[in-house]
Amino acid sequence: MIQTIVQKLTGRGSTLRAAEHRFIIIALVPTIIFYAIVKFYPIFFSFFISLHEWSLFGNVSPFVGLDNYALLAKDSLFPKVMWNTMYRTFAGTFLGALFALIVALILNPIKRGSILLRLIYFLPVMTSVIASATIWKWMLQTRFGLLNQLLLMLGIAPVPWLQSTTWAMPSVIAMGIWAGLGFTVIIYLAGLRGIPRDYYESAEIDGANSLQLALKITLPLLKPVVSFVLITGVIGGFSGGFQAIYMMTGGGPLDSTRVLALHIYDYAFERLFMGQAASMSFVLFAIVLVLTLVQFKLQRVDWEL
Amino acid sequence: MANQDFVGVPSQVDTQALRRGATEIRRLSRGTLFNYIILGAGAILMVVPFIWMVSTSFKPQAETVSFPPRLFPINPTISNYIDVFDRANMGRLYWNTTFVSVIKTIFNIYTSALLGYIFGKFIFRGRDIIFYILLSTWIIPFEVYLIPLYLMTVQVGWANTYTALIVPEIFTVYAMFMFRQFMYTIPTELVDAARIDGAGEWYIFHRIIIPLSKAALFTLIAFYFMWNWNDFLWPLVVIADQDKYVITVGLATFVGEYWSQHGVIMAGASLAIIPILVLFIAVQRFIIEGVVLTGLKG
């Protein structure tokens, strides 16, 4: 009792500070050890692996220096993988951001039913990509798939969506847009909420129509959110796509949907060229790092959310 | 509307609010029908895959390949579902996935809340440096970790165990970051007052901070449970034993084996999706508001 009064009078007593310190140390020390082992050491280990001809079953893993990286430059498949990765990343991100923007803009003013609509658009976000990719694979099946059957009813010849080098990638991209749209819509809706109503009111009093409102007020004020969506989309895109492509095409036909994430998995765990795969993961790391630094530069103000 | 409570707009009636309401009604009557048509068409595109999945899952094989496509089966059957339970060992997959997801989620949320509290409410030397070093791992793609973590797992003898699924992902940067942001909404005076009353640090964290963080807590629990449930690449690499498969890996394997039996495959997909969708619909208001609350500040 007396102690409490003394502490009340003196504010934070020295005993309290000691207790706080103990608390912080007990929480932080295991955390730091964990991160050191599971998050930082593996990066160096991975780089070490990438300097070796590392196979899971080989007893010897000879040091080969930067040969794995040099091989990537010489390899004819790797440029194709990079091209596929960029194709999927940019097409998926920009189209997805565009569709989500349209949905958000017309969903925002709606009152009645907006919760149900948001729920519907969000459903694919919650669904395991493995399951949704399975459904899409079935719907895009050449002979019995829903899409081709509907096209047939309109008199259009079946398209071998996932068996064609032209259509496989667009199909995978479409599935990815469908799967991620709801999340982007929610981000845009959050951005739209941040725009003060007064802006619209004053513009309306001045006689602006809805198109003018959208072009002159909404879009300029939403620009930071749009660029956030685009940049994080591109960053995520480079390492993404594994699950959908693994399920829908396995990277085929003729490697036309083979993206970096799938390629790394395939080399490491199917072909067991772990050194080569590690070098590819470092290329991915470098790309993501550069893009992230660009993002920080562009969004320095918004970064501390 | 909910978002106004969220933003904290004062609720008393004033002339400005009335004017705002009038503007709103005018705006609504103008373009709303058009909005509903576009959104409705989009919503149909969003749900068609789910509807077709359910439809196919109740069809006998012959009907899955008949032309023209029919939404409702002529002879609906549940034999596809029975087949999945038998052949894919669905009960086992559910149990494994629930077990791993629940444990991972508990660890993720507890450690993140604790670290978020420490980085958000304490002042100590090196705090920001430590925080940003931990945070920096956020940007590293999992593919970079895939090979070294796998080899480390094999080395310590955890290959093919749940320990390997859970331990490397106990701590998570995203939730830690979100909790730290959330801590700024909790007044520091409250913590100080509890200290003056003689409460211990752990007591404060468990009895004051955690209950006050409910909004962030529930949202993050829902998201992490979903992410953990849907996780695929790491379990695919680490778990070799079919009895230990989680649902995503089990489904992928099952699809590979029985691809030509469309009804059965779609029944499997439904069973993988349903638990999460039910959970999600039950807490959806929380989640969608929560994305806004924790994810982004407009």
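Which residue just after α10(B) takes a positive phi? Select B:G198 to find out: its phi is about 95°. Keep in mind that this is a predicted model.

**Stop 1: helix α10 of chain B**

Select residues 188-196 of chain B, which form helix α10. Now color B:V191, B:A194 and B:R195, which are buried in this helix. Look down the axis of α10(B): its buried residues fall within an arc of 105°, so they line one face of the helix. An α-helix has 3.6 residues a turn, so residues three or four places apart point the same way.

**Stop 2: one salt bridge**

How many salt bridges are counted between chain B and chain A? The count is 1. Polar contacts across this interface come to 8 residue pairs.

Next, select residues 15-57 of chain B. This is helix α2, which gives the most to the side of chain B that touches chain A, with 25 residues. Color that side by class. You will find 77 nonpolar, 20 polar and 14 charged residues.

**Stop 3: the whole interface**

Show both chains as surfaces. Here 111 residues of chain B are in contact with 102 residues of chain A. Together the two chains bury about 10,100 Å², with 76% of it on carbon and sulfur atoms. Pick out B:L39, B:M46 and B:I147. These supply 7% of the area that chain B buries against chain A, more than any other three residues.

**Stop 4: a loop in chain A**

Go to the loop between α11 (242-248) and α12 (260-270) of chain A, where A:P253 is found. The peptide bond from A:G252 to A:P253 is cis, with omega near -15°. Then click A:L254, found in that loop between α11 and α12. A:L254 is not a glycine, yet its phi is positive, about 50°. Is A:L254 buried or exposed? At 69% relative accessibility, A:L254 counts as exposed.

**Stop 5: two loops in chain B**

Select B:P68, in the loop between α3 (61-64) and α4 (79-87) of chain B. A cis peptide bond joins B:F67 to B:P68, with omega about -5°.

Finish at B:N89, in the loop between α4 and α5 (90-121) of chain B. Its phi is positive, near 55°, in a residue other than glycine. B:N89 is partly exposed, with a relative accessible area of 37%.

Terms used. Residues numbered from 1 in each chain as written. Chains lettered and ligands numbered in written order. Predicted model: local features only at pLDDT ≥ 70, side-chain atom pairs only at ≥ 80, totals over all residues. Heavy atoms only, no water. Contact = heavy atoms within 4.5 Å. Buried area = accessible area lost by both parts, 1.4 Å probe. Salt bridge = Lys/Arg side-chain N within 4 Å of Asp/Glu carboxyl O. Polar contact = N/O pair within 3.5 Å; in protein donor to acceptor, adjacent residues only side chain to side chain. Helix = DSSP H or I, 4+ residues; strand = E, 2+ residues; numbered from the N terminus. Nonpolar A, V, L, I, M, F, W, Y, C, P; charged D, E, K, R; others polar. Buried < 20%, exposed > 50% of the residue type's maximum accessible area, 1.4 Å probe, protein only. Arc of directions from axis to C-beta.
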